[in-house]
Amino acid sequence: MNETNLTTVKEFILLGLSGHPKLETILFVLILWMYLVILLGNGVLITVTIYDSHLHTPMYFFLSNLSFLDICYTTSSVPLILDSFLTPRKTISFSSCSIQMFLSFAMGATECMLLSMMAFDRYVAICNPLRYPVIMNKTAYVSMAALSWTAGAIDSIVQTSLAVQLPFCGANVIDHFVCEILAVLKLACGDITINVLSMMGSNLIFLVIPLISISISYIFILATILRIPSAEGRHKAFSTCSAHLTVVIIFYGTILFMYAKPKDKDSINADKQDIIDKLISLFYGVVTPMLNPVIYSLRNKDVKTAIKNMLTQKYFLEKM
């Protein structure tokens, strides 16, 4: 390409669902409602884990980290999506796009690590209960959470830096609601081999290895639970990890569904499939963070008790 024909891209156009204005109006109301539920649900979980001393344990420490992460993850993308539903020309500057890429990628990588750490915590609690206070001491679980956040940030810095260094010379329409890194890479007019290899390495480290770690932890957990003689004991042991297992299944199940399903080559069906893919991607970004506090509060007596105690104390304070 001649340098005279080369135009540096300074902003991107987010295509989203521009051709479906009625659908955008419906989605605006729905996504806004879900975002408010995310802020409220995860905010309550963080508050009760700080407020109630009975919840000052490794499991609830990781849970509060997960809730904070869900708030950060959705806040990095949902306001932009809501704005795009109301704005005719859906543009975002190159620098804002880079920041949004960094935040969403960092939160995704960190969540994979946190889910793996939470599985290890459940493994120690069920398989080595007598050594649990020694192994999962405060220094250990705080370090595990810090490692998750640091690793996610470093990985995101690497991936985002490689992406923004690419030449973008003309095409600036991102076929997505947000600056999703794979959609951005498609617009680059340079060689993206290094980016692809880096992404493959990142997926191995932050998706595959944590999934293997979680699977191994639950194999040992299941084997230990099955050796418990009483049905009540088995139920009690399984109930301590059922919420986490549910979240893992939803998180990884949605990812596998989005990226492992075959693509339709027919042009008409491909357009419909494209809309469906965008909707799945959109709801993945808000449904999972919305369900996490619901799952943990409904399936956990300690959390429900802590919420009741907090509300009861607040009620009596207001009456005084």
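Two residues are in contact when heavy atoms of theirs lie within 4.5 Å. By that criterion, among contacts between residues at least 6 apart in sequence, 81% join residues at least 24 apart. The structure is a predicted model, in which local features need pLDDT of at least 70 and side-chain atom pairs count only at pLDDT 80 or more, while totals for chains, interfaces and linings use all residues. Residues are numbered from 1 along each chain as its sequence is written, and side-chain values use heavy atoms, with hydrogens and water left out.

The chain contains 11 helices and three strands, taken as DSSP runs (H or I, at least four residues, for helices; E, at least two, for strands) and numbered from the N terminus. Along the sequence their order is β-α-α-α-β-α-α-α-β-α-α-α-α-α. Of the 320 residues, 43% are buried, that is, under 20% relative accessible area with a 1.4 Å probe and protein chains only.

Helix H6 (residues 138-164) may be considered next. Its 27 residues reach 39 Å from the first C-alpha to the last, close to the 39 Å expected at 1.5 Å a residue; the expected span is 1.5 Å times one less than the number of residues. The buried residues of H6 include Tyr 141, Met 144, Ala 145, Ser 148, Ala 151, Gly 152 and Asp 155. An α-helix has 3.6 residues a turn, so residues three or four places apart point the same way. The cover over the buried residues of H6 includes H2, H4, helix H7 (181-185) and helix H8 (193-226).

Helix H8 also holds Thr 224. This residue is buried, with a relative accessible area of 16%. Beyond its neighbours within four places in sequence, Thr 224 is in contact with Ile 126 and Cys 127.

The second largest pocket has a volume of about 620 Å³. A pocket is an open set of points on a 1 Å grid over the protein atoms alone, where a 1.4 Å probe fits, with protein on both sides within 12 Å along at least five of seven lines; lining residues have an atom within 4 Å of a point. Its volume is the space filled by probe spheres set on the points, which are joined across faces, edges and corners. Of its 22 lining residues, Lys 236, Ser 239, Thr 240, Asn 300 and Asp 302 lie nearest the centre. Helices H2 (58-75), H4 (94-127), H9 (231-260) and H11 (301-319) each supply at least two residues of this lining, and H9 gives the largest share, nine residues.

Note on methods: Buried < 20%, exposed > 50% of the residue type's maximum accessible area, 1.4 Å probe, protein only.
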